[in-house]
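Trainee: I am new to this structure. Please show me how to read its features.

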Amino acid sequence: MAEALAELFAGDANAWRAALLAGRATVRAAVDAVLARLERCERGPGALNAVLAVDAAGARRRADALDADRAAGRVPGPLFGVPVALKANLCAEGLPTSCGSRLLADWCAPYTATAVQRLVDAGAVPVATGNMDEFGMGSSGENSAFGPTRNPWDPGRTPGGSSSGPAALVAAGLVPLALGSDTGGSVRQPAAFCGIAGFKPTYGRVSRHGLVAYGSSLDQVAPLARSVRDLELCLSVLSGADERDATTLPEPPVVPELADEHMTLDGVRVGVCPELLEGEGLDPAVRARVEAAVDRLVELGARRVAVRLPSAAHAVATYYVVAAAEASSNLARFDGVRYGRREGGERSLQEMIAATREAGFGEEVKRRILLGTYVLSRGHAEAWYVQALRVRRRLRDELDAAFEQCDVLVAPTAPTPAFALGEHVRDPLAMYRADALTVPASLAGVPALSVPCGFVDGPAGPLPVGMQVLAPALADARALRVGRLYEEASPWRDRRPPWALPDEVPA
Amino acid sequence: MAQDEREQVERVARLARLELEPGEVERLAGSFERILEAFAGLRELDVGGLAPMTGPCERTDVLRADEPRPGLPPDELLRRAPERVDGFFGVPKTVRGAEDDG
Amino acid sequence: MSAPGGWEAVVGLEVHCQLRTATKLFCGCRNAFGEPPNTLCCEVCTGQPGALPVLNREALALAVRAALALDGEVAGRSEFDRKNYFYCDLPKGYQITQLAHPFCPGARVELPSGEQVRLTRIHLEEDAGKAVHDRGARTLVDLNRAGVPLIEIVSEPDLAGADEAHAYLTELKAILQYAGVSDCDMEKGSLRCDVNVSVRRPGEPLRTKVELKNLNSFSNVKAAIEHEIARQVAAYEAGDPAGFPVQETRGWDDRARTSRPQRGKEDADDYRYFPEPDLPPVEVSAELVERQRGFVPELPAARRRRYVAAFGLSEYDAGVLTASRDVSDFFERAVQLAGEPKEVANWVTNDVLRLVADPDLPHADLGELPLRPGDVADLVRLVAARRVSKSAGRRVLRGVVERGARVEDVVRDLGLEQVDDADAIEAWCRAVLAERPDVVADVRAGKRKAVGALIGAVMQASGGSADPGRVRATLERLIDAGA
């Protein structure tokens, strides 16, 4: 039994499901083991601080029900028995949706997100919520009201953000699959920093119903996993129109088995653009890893094509104006009237609202609310907000043109490997620039995968590097398949971080 | 930091209902100014001929049938509220229009 | 119409009208009035984190129908925007409305006077919840109304004063009711109205515009406009610029019959509108427009013209009959059954509407009254056949309402059948003549009109059942005969 469980934790979600279906362990035993590890992972000096809440009772109930279903001969779902961690901005019964904020610290949603429900319906078992930058605003996890999460590759470094907890949990091997959200890179960048795979689908592929909004025209629910095939599996469950989200696409779900089944990399045109591969602030070691990965793709039959994306230089500014504008409106509902924390209830209504928001929000959230309020305010909206939307259109047009010449676009996921905790906290602009390579896909709404493409030397050991694979809107399966073919032809997937559970640390 | 940056941040903070503390105003005004400076190049771009791209969603007419569906039971709704009074949400006494409620 | 002292008033109205849908604009909660607080709510209309709006098809259809009924154009593409402000009745901290691309970019209303009122725009938006301020030490918030579909109808400042504003509102309400778009009940808040007032000297530019809110009846609207025009004119006449009206929003206090400024801090109206990213644009198809056009009935103005032209009714009666659709439909049905449009119109405008308005009857409107068009038609036929007198007819209608019985039964049960019996009539006449020798003397002295008093007395004596024509003839014969 212990051996069977060890095998589970060594594998990805596909393997996990297969092992359970083969009867190597019951779902209940597997879930108990996950719960025990989740409990231990937050102990001692190596604590990840990746978990915000655990729903042990709910997970056990769910596991027992799955075992009973199995015993009764019911057809198991595609995620049968797979434990998942949820970013704390997804509404789920039984798990508080704090969004990493003091304001919502104890808030339990009165309904369940469509994405979460679809996972559960497919047989997955939500076990915990993962730490995150408050309301998704951050690229390091350090903007969580509940303290920063550590990177399993180097506890002195950030796991990236804002899906910091979910990424660290998957990288540390505590769960095989996690659900995050990606607004400007919040799943891809932590996936890169933690050496795992993360995928932001085409905008509208996955319902946002029940995802606490940050930037509504950018937000997508996005999975994190140890393999690209797990992302495919997960996306096949998550994707598809939802009557509760009017921006979901009517196209049928992405089905991995049918997605370009016979695709090889032969003749695939891989676009590389200088704006993303030679940009300012790009770590030469990161660039070298991505160049090597492109070479590998070419070895596998792909053709390298040079494309241009001139507006990418303005993507960070464009993204922060648009996202902040939407955030300033999306976060207006946190007024201390209907839910969440309240301050100043004895003062006037408007003073109470202001005091509640002052006490409830952290500094970065306030900064973005201020920025967003400013760019929408009278006298500034045309010059900032509308201008940003026009630049957004130009960037999208440039991407469309690039995809005339190439099938996928390859770029580094982040300009550097995981940076040190505290490195950018005093300099918000430096933190924003860390998003430079992920925000173009977000602004355009196109799918983008981050897949490990090697390691660079850090002071405390190797640090993973992620490669992004962008595809045209709706070509999610193409991005995933290119990433998967690369992944299966490279050694990075099997590298595990040095982090270990407290009682597994060698004496 | 210039006085007008501070005043600008204070004005925007009032609009956004953030009751900033004095030290916070200083800090935020400083970073606010640097961010706007860094983003200034955005305003120089000649994109006048392009239609603003509100979002990637290109659908139209996503409509719902006019059919009732169950909502939240009142106690589910109210038990999350900081203040409840006889089935209502309670807030400080206010008269509509007497505050800057828009 | 002009304001006092050679001033002209210019008035514009912003009317909010709740649409008669089954559910709210963006969620499946019921659109209903008078339910216990916070019982018609879900994650969407209470602004729970993560919830998203989805547009109600019927709300769009009714909005389009309203635009067509108001002779408006329907935009091929319309979009939603967020209007951002903080208040306890606004769950999301923004209202979803339409700013840049309303579904109707222009329409108009023709007043009975023939005057045209241009409508700047009509747009679709969600209602806010309700803040209750008069129950104890705290303000109480009920979100049942939050998310109810509204159309906002914005008029050009084409109205010359309180009376015209009142006429416009009356006509607008009738049109919206006819089209089945809204019940337009100001008491329930399904029709609400804000007013903009400014004045000028003829030929001069308009002075400062003042907005009036909190107007919860048509008579309030009228009183508030009259008061505001007088206030503005008085301020300008006084000549001290310090006392001139300022651009502001004032709330009408119905009890005090005056308005007060609603205090607003700086920035209060910086709503930071931007396109709603959660809702795709709406493209109204020609098919939808045509289908809704089919639901727009003949409207009050057209009916008024037809009643005058085809039925020979007075403008006034035509106006009274068409003011609400149920009355007008009732009238037309009765005419269909009985012919005699003038007779039917007399019964409806005098007696039926009196019964509707009678506070002693437990009925709020014509629809609730146990009176059918067929009853009026039956009565008209009985009167024409001289079986029931007109004065008895009034009692017949009341009897129908009070007893819930049909006309024939009421006539029989109350003994209201017109008496044709010459002996009985002569007996009643002789008795009255004996009682009123003074009147008889007057008649003989040449005051022939005085005979009317005697007829009334005979009719009373007969319980209304005597044929008044016969009574008159009998009285005259007896008087002339020197009886």
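Predicted model: local features only at pLDDT ≥ 70, side-chain atom pairs only at ≥ 80, totals over all residues.

Mentor: Residues are numbered from 1 along each chain as its sequence is written, while chains are lettered from A and ligands numbered from 1 in the order in which they are written.

Trainee: How do H11(A) and H14(A) cross, and at what angle?

Mentor: Two packed helices are described by the angle between their axes and the distance between the axes. Here helix H11 (residues 315-330) and helix H14 (residues 382-405) of chain A have axes that come within 9 Å and cross at roughly 125°. That makes H11(A) oblique to H14(A). Helices (H or I, at least four residues) and strands (E, at least two) are DSSP runs, numbered from the N terminus. Axes are lines fitted to C-alpha atoms, for helices over the stretch in contact, with angles from 0 to 180 degrees between N-to-C directions. Oblique is what remains after under 35 degrees (roughly parallel), over 145 (roughly antiparallel) and 65 to 115 (roughly perpendicular).

Trainee: Which residues make the contact between H11(A) and H14(A)?

Mentor: Among them are Val321(A) and Ala325(A) of H11(A), and Leu389(A) and Arg392(A) of H14(A). Two residues are in contact if their C-beta atoms, placed from the backbone, lie within 7 Å. The contact residues divide into 10 nonpolar, 1 polar and 1 charged. Ala, Val, Leu, Ile, Met, Phe, Trp, Tyr, Cys and Pro count as nonpolar, Asp, Glu, Lys and Arg as charged, and the others, Gly among them, as polar.

Trainee: How many residues do chain A and chain B give to their contact?

Mentor: Chain A gives 54 residues and chain B 45. H14(A) supplies the largest share of the chain A side, 11 residues. That side holds 27 nonpolar, 14 polar and 13 charged residues.

Trainee: How many residues of chain C are in contact with chain A?

Mentor: 26 residues of chain C touch 35 residues of chain A. The elements giving two or more residues to the chain C side are S4 and strand S9 (139-142) of chain C.

Trainee: In what order do the strands of the sheet with S4 of chain C lie?

Mentor: The order is S5-S4-S15 (chain C), in an open sheet of 3 strands with antiparallel pairing. Strands S5 (94-97) and S15 (274-275) of chain C are at the edges with a single partner strand each, so one side of each lacks a neighbour in the sheet. Two strands pair if DSSP finds at least two bridges between them. S4 (residues 81-84) of chain C and S5(C) pair over 4 bridges, and Asn84(C) has Tyr94(C) as its bridge partner.
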